[in-house]
Each structure stands twice: as structure tokens, then as C-alpha cells.
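Thanks for coming. I have one structure to go through today, so let me put it on the screen.

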Amino acid sequence: MQVWNEYLESNKQRFLDELLDLLRIPSVSADSKYKGDVARCADSVMENLLKAGCDKAEICPTEGHPIVYGEKMVNPAAPTVLVYGHYDVQPADPLNLWHSGPFEPLIKDGKIFARGACDDKGQMFMHVKALEVMNSTNTLACNIKFMIEGEEEVGSSNLGIFLENNKEKLKADIVLVSDTSMISMEHPSIESGLRGLAYMEVEVTGPNRDLHSGVYGGAVHNPANALCKMIASMHDENNHITIPGFYEKVLNLSADERKALNTAPFDLEEYKKELDVAEVWGEKDFTTLERTGVRPTLDVNGIWGGYTGEGAKTVLPGKAFAKISMRLVPNQNSDEIAAMFQKHFESIAPKSVKVKVTAHHGGEPVVTPTDSIAYKAAELAIKTSFGKDPIPTRGGGSIPIIALFEKTLGLKTVLMGFGLDNDNIHSPNEKYDVANYYKGIETIPYFHKFYAEMSK
Ligand code: BES
Ligand code: MN
Ligand code: MN
């Protein structure tokens, strides 16, 4: 719409500057050292919501980091869109691999480099600016509620309680989220599902202390050796996961569904080149798109024990550890899978070591409908701003709260993400293209317009 384009055009620089200000706050939720910064970031989000046109915005304290709530109610007869996003970010380390400071946003080659640029400050803030665009041009078609949390990157453990306790306040018709990726600017897409997650930590104990690896080596089982062997045994020669029952509830796609999923543009050579790997890897008989979209996985996220400092120290460690995550797909359940993992891990431990297994946060997989009014509104919004129909895809990442929107609030979600898979989220040099940021701000008002029209 003309008025939106004009407003965006004449406020472009400020919209970018305001995002950069938000990116300067190191709101790392996992590290208690940043607790004050996380709180300061929440305050900033709240002020931005008020400035953009919310009638009401507030900080909702939790046992952990605060949730920011805001609303702009325009018409009781219009539908209400609940916008969800997160202002917390992943830790920035390893710091030495960043080309510029993670909390000193830098614009280079049309990209914003900073921790949180894409995940999720940049994407969340598009909704704040889109509200300003609609509010300033008197074109708000839907009521909007914002729920922006500060604990997504640590498992959203307090948000579930917040949903339970605020059902009335959060009453809406649809949840709209920009915290996922699309294929490219040339091939816009909408994710119609997310994987779930079961995250485990294991501790393997050998002798009661670290030993000289020459004096005892060969006679006492090295827990690091034992751990590696146990981990290695959890994939078979076809790269299937060997935990008994693991695949029992996996929903297999029909031949037609698989065909549709694999029609999405994907260049395997380009993919390998970009990651500098000679070969891709994964479950036999599945394509890369299937492996990341609709198949479950098991991966070591971190592994340690013994001496990891400079130089060489001869030691037979007393303990070894690993953090292991499993991405889940419909209809797997995170608690069931965590229990299966624990039982299996204990059962494959040799008598020469002791093992301890603990479960961290989990989350359930989700599939979002592609035949709903809200999905169609998102489709049309993207078609209008990009000039192309979006392709439905399946996302490999997880956003645990999405399953609870349905379970607790009875709400479906639309995942209208504008990130790119190579935005380096959670990695050094995270970036977000300035063009994607503006394209998001341009697209979101169309969603509200079409969703209101289609809801009539
Ligand atoms: N925004 C991501 C999830 C995501 C990224 C979904 C790209 C689809 C495409 C989210 O912030 C995230 O990183 N989630 C975590 C899970 C959480 C429990 C720590 C994840 O997927 O590892
Ligand atoms: Mn995110
Ligand atoms: Mn993330």
C-alpha cells in the first residue's frame, strides 16, 4: 500500500538505528552475568512498544527473565493477532571467531552483524515497526497483542506458566511468529512445522580420580574412551539411531508429501560448498531436506573430560561428559524420548564405568496448518510484497512454546520467518540482511490487512 511504503521509506534509517540500539544490549539469557542487561533489554522492548503505538505495555516478572506484554486494541469486532518473539539471545562465544563485536552491531555489505540480529531481535522488531507503520497511517485492521519473552534460548520454562495464568489476557485468534527461516529472497517460503527437542547430559565416571595414563593406562577403563564408544554406537551403519523404540511414533510422510517437500529449491552442491564439506551425511534413503525437516536426529552438542588446555598432559581422566540433543518430529514426545535415551544409555554402559543421565529442557514438535485463513493471509501477504507465492517448507529448529500455544490457549500459529539458513544464528558473525528486515516490515501489515478481510 502506498501509505505504508511512503511511511517506511521516510523512516528507514531510524527503523534501522532503533534495531541497532536494541542489538547493543547483551541480553544473554543463559548467563546470569547478563541478568541486568536482560532486564534492561526488556525495558527497551516495552518502551519501543509504547512508542510504536501500543495503548498498554508492561513488564511481567517471572521466576526467570521478564516477559514483555503490550497491546493495541482497535476494534472488538476485528480479529486479534498475538505476536510472539524473543528478546534474549544465545551466548556470543567463541568470541575470537567474530570479525566485529557481537554487541557492537556493524553494517557491512547490506548485512547487520550482531548477536541476535536475526534470532530474534531483528525479526521480532519488524513487528514493532510494522505496528508503527500501521498505527501512524491509521490502517490497523486487527487488534494486536505482543508477548515477547526473555527465555526462549534457555527453554521458555517460565512462559508455559505465564500462558496458564493469563489465558484471558492472551485471548486471540492466531499467533504470528517471525523466528524461523525462508529459503531466499528469490524463493520466499513459510515453515509449516518445527522439530521438537529432548536435551540430555551424561556423565561417565571411571576411577575415583584422574590417573597417570602411563602408570594406569590399559588397565583401567578410560571414561572418555567409554563415552566415545557409547556415543558412536547410537547410530548404525545406515545412520539410523539405535535407541530401541526411538522411531516407533515417527509419522512417516506419504509418497506425495515427500515429493512435495523435495520440490523446494535446493542446490546440494551449493550447500556443500557453503559449508566446506566434501559430502553430506545422514539417514540412509532420505534427502537433505527430509533429514532436516521431517526426520529425527541425535547429536553431540559438547563433549569434554581430561586435559583440554595448551600442550599435552598425560592423564587418564576420572570423568567424561557430553551434552546430547535429539530433534524430534511428529508424533514423538520429548519426555518419552528422554526416558528411552536414559534407559538405553544406562544399558549400554560397560561395567567398568558408572553413568549418570540428566534431562534438560525439552519441547514438542509442531505442524502448522497450511489450509487455514491465517496461512492464506500470510501467503497472500508474501505474494504481495515479494511478487511470488511462498513455498511451504519444514523447519529443522525448535520453538518449544509453539506446541503450548495450541495446548494451553487453543491457538494455531503462523511461522512467517524472514531469516536465512546462513544467517549464522547461534554462531559467530550472526547477521541479518537489511533488505530482509525492511521486507519483513513491508510484509507484516499485509498479513494484518488480509487476515482481517478473510476473517469477515
Ligand atoms: N529461532 C530459533 C529456532 C529456529 C531457527 C527455528 C531456525 C527454525 C529455523 C530458536 O531461537 C532456537 O534457537 N531454538 C532452540 C531451542 C531452544 C529450546 C534452545 C533450537 O532450535 O535449538
Ligand atoms: Mn529464535
Ligand atoms: Mn535461537
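I'll start with the metal site. The manganese ion (ligand 2) is coordinated by His86 through NE2, by Asp119 through OD and by Asp179 through two OD contacts, at 2.0 to 2.4 Å. Donors here are N, O and S atoms within 2.8 Å of the metal, or 3.2 Å for Na, K and Ca; water is not among the atoms, so sites may look incomplete.

This is a predicted model: local features need pLDDT of at least 70, side-chain atom pairs count only at pLDDT 80 or more, and totals for chains, interfaces and linings use all residues. Residues are numbered from 1 along each chain as its sequence is written, chains are lettered from A and ligands numbered from 1 in the order in which they are written, and side-chain values use heavy atoms, leaving out hydrogens and water.

The manganese ion (ligand 3) sits 3.6 Å from the manganese ion (ligand 2), and Asp119 coordinates both. Asp119 is in the loop between β5 (111-113) and α3 (121-136), and Asp179 in the loop between β7 (174-177) and β8 (181-182), so the pair ties together parts 60 residues apart in sequence. Helices (H or I, at least four residues) and strands (E, at least two) are DSSP runs, numbered from the N terminus.

Are these two aspartates buried or exposed? Asp119 is buried at 7% relative accessibility, and Asp179 is buried at 12%. Buried means under 20% relative accessible area, exposed over 50%, partly exposed in between, with a 1.4 Å probe and protein chains only.

Now the sheet. Four strands form an open sheet in the order β12-β13-β11-β14, with antiparallel pairing; strands pair if DSSP finds at least two bridges between them.
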